[in-house]
Amino acid sequence: MRNANGPLATLRRDARMLLDGLRGRGPSPLIARPPSPAYRAATATDSASRARTLEIVAVTRETVDAVTIALRDPAGLGIPFVPGQFFTVIVPLAGDPPLRRAYSASSSHLDPSQVTITVKRVDGGRVSSHLVAHAAAGQRLSVLGPSGDFTLVAEPRAARHIVAIAGGSGITPIMAIARAVLAVEPSSRVTLLYGNRDAASIIFAAELDRLAATSAGRLDVRHVLEDPHGRAGAAAGRLDRDTVAAQLTAAGDLAAGATYYVCGPEAMMAAARAALVDRGVAAELIREERFAAPARRQASQVAVAQPVSIRRAGVTLDVIVAAGATILDAGLAAGVPLKLSCAMGGCGACAVKLTAGEVAMDEPNCLGAADRAAGTILACVARPLSPCTVEAS
Ligand SMILES: Cc1cc2nc3c(=O)[nH]c(=O)nc-3n(C[C@H](O)[C@H](O)[C@H](O)COP(=O)(O)OP(=O)(O)OC[C@H]3O[C@@H](n4cnc5c(N)ncnc54)[C@H](O)[C@@H]3O)c2cc1C
Ligand code: FES
């Protein structure tokens, strides 16, 4: 709750805390002060920001640097999702605050009793390296979601052509989409262009072979490998603009109205988009999912801690957001149940309204011009540049 002595006293106290923290004489300004019991009572009803705990029931090694992790709810509850959506895994690692990372569901949405995520190790990556090396059956994971709109809603009566272009771990949401189309839409078909380094680095190689073999010609998988040895029929090269164009031409009859799903490394996605635009594919038919965090991170540019008032459920809590930290970090540390999902600017779940002050956000993110004009900011990638007030729902 607001300090009974008024805003001036609050500001003086915040400034004192901040200076003490920065001089090492008090608690670190990274951690906001704990909320009062009244604040907790007023905000305890919202469970949107709460993670659920899922149990790892199996870990399957896909390649030397990728694993598929099967998760179930220990109480037997379902884990529904729409094909193409992702879950946000919260991993506490020594020396770091809990880290949040998004991983797309790769299993069939038709079996909500369990969900699989497939994690590929990124060089120097903290969470991916940890999960690939240490995830094991019996462990538990905190998980948020599902979220994301890189989705396909399968409809039994649909008769359509889905063209997917994937590189490396970008296959994961496309796997769930392909499974859904093949299982639910008997009159639809899928063409998949899938780029990898070599035969050994193809995630889901055997499963894709099996799906294609049982699809009655409705799944056409076209592997593109930098080193094609060991994979009969694979094209040699990278999924660059020319190769994507050549493969689309070779795939033949890409009927007008095909929908394109693109997911993979940034360079591959740019090449795929350029090749599709060259072919006259309308922008609204191209769906893209980016795995990388926003390119322009603002943390290094925000050098000063700032006080932020967070108003929610009729109650205001004042927190100090440390230099480089986000409003979400500070709010959660103070016990404010702010909503979140991807935690990287991609889904909009953490949107709050900025009613005073100025923030810097990592870009690009999912906010549109109209959101920005209405004062909406994303708490997960917003760092205050001045004292701020935000309204959270
Ligand atoms: C919507 C969404 C869905 C995703 N789904 C999946 C999935 O299904 N499977 C999967 O393996 N990953 C997926 N990712 C990526 C995943 O969330 C992490 O970003 C990735 O595992 C790296 O996290 P880390 O903690 O290991 O790396 P960090 O410790 O955060 O980063 C270490 C270094 O790697 C770089 N880096 C971070 N992410 C990537 C990346 N994706 N590619 C290349 N370099 C990177 C960073 O810039 C940094 O230099 C998804 C991301 C998003 C936004
Ligand atoms: S939690 Fe997804 S945009 Fe902030």
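1. A residue is called buried here if 20 or more other C-beta atoms lie within 10 Å of its own. The structure under discussion is a predicted model, and the points below should be read with that in mind.

2. By this criterion helix H4, which spans residues 171-184, is mostly covered, since 12 of its 14 residues are buried. The buried residues begin with Ile171, Thr172, Pro173, Ile174, Met175 and Ala176, and continue with Ile177, Ala178, Arg179, Ala180, Val181 and Leu182. From its first C-alpha to its last, H4 reaches 20 Å, close to the 20 Å expected at 1.5 Å a residue.

3. The pairing of helix H6 (residues 241-250) with helix H7 (residues 266-278) can be described as follows. Two packed helices are described by the angle between their axes and the distance between the axes. The axes of H6 and H7 come within 8 Å and cross at roughly 50 degrees, and this angle makes H6 oblique to H7. The crossing in which H6 passes H7 is right-handed.

4. The backbone has a cis peptide bond, which joins Gly145 and Pro146 with an omega of about 15 degrees.

5. Ala216 has a positive phi of about 55 degrees although it is not a glycine, and its place is in the loop between helix H5 (205-213) and strand S9 (219-227). Ala216 counts as exposed because it has 10 C-beta neighbours inside 10 Å, where the cut-off for exposed is 12 or fewer.

6. Ala313 likewise has a positive phi, of about 50 degrees, although it is not a glycine, and its place is in the loop between strand S13 (306-312) and strand S14 (315-321). With 15 other C-beta atoms within 10 Å, Ala313 is partly exposed.

Key. Residues numbered from 1 in each chain as written. Chains lettered and ligands numbered in written order. Predicted model: local features only at pLDDT ≥ 70, side-chain atom pairs only at ≥ 80, totals over all residues. Helix = DSSP H or I, 4+ residues; strand = E, 2+ residues; numbered from the N terminus. Expected span 1.5 Å × (residues − 1). Axes fitted to C-alpha atoms, helices over the stretch in contact; angles between N-to-C directions. Parallel < 35°, antiparallel > 145°, perpendicular 65-115°, else oblique. Left-handed = near helix turned anticlockwise from the far one by under 90°.
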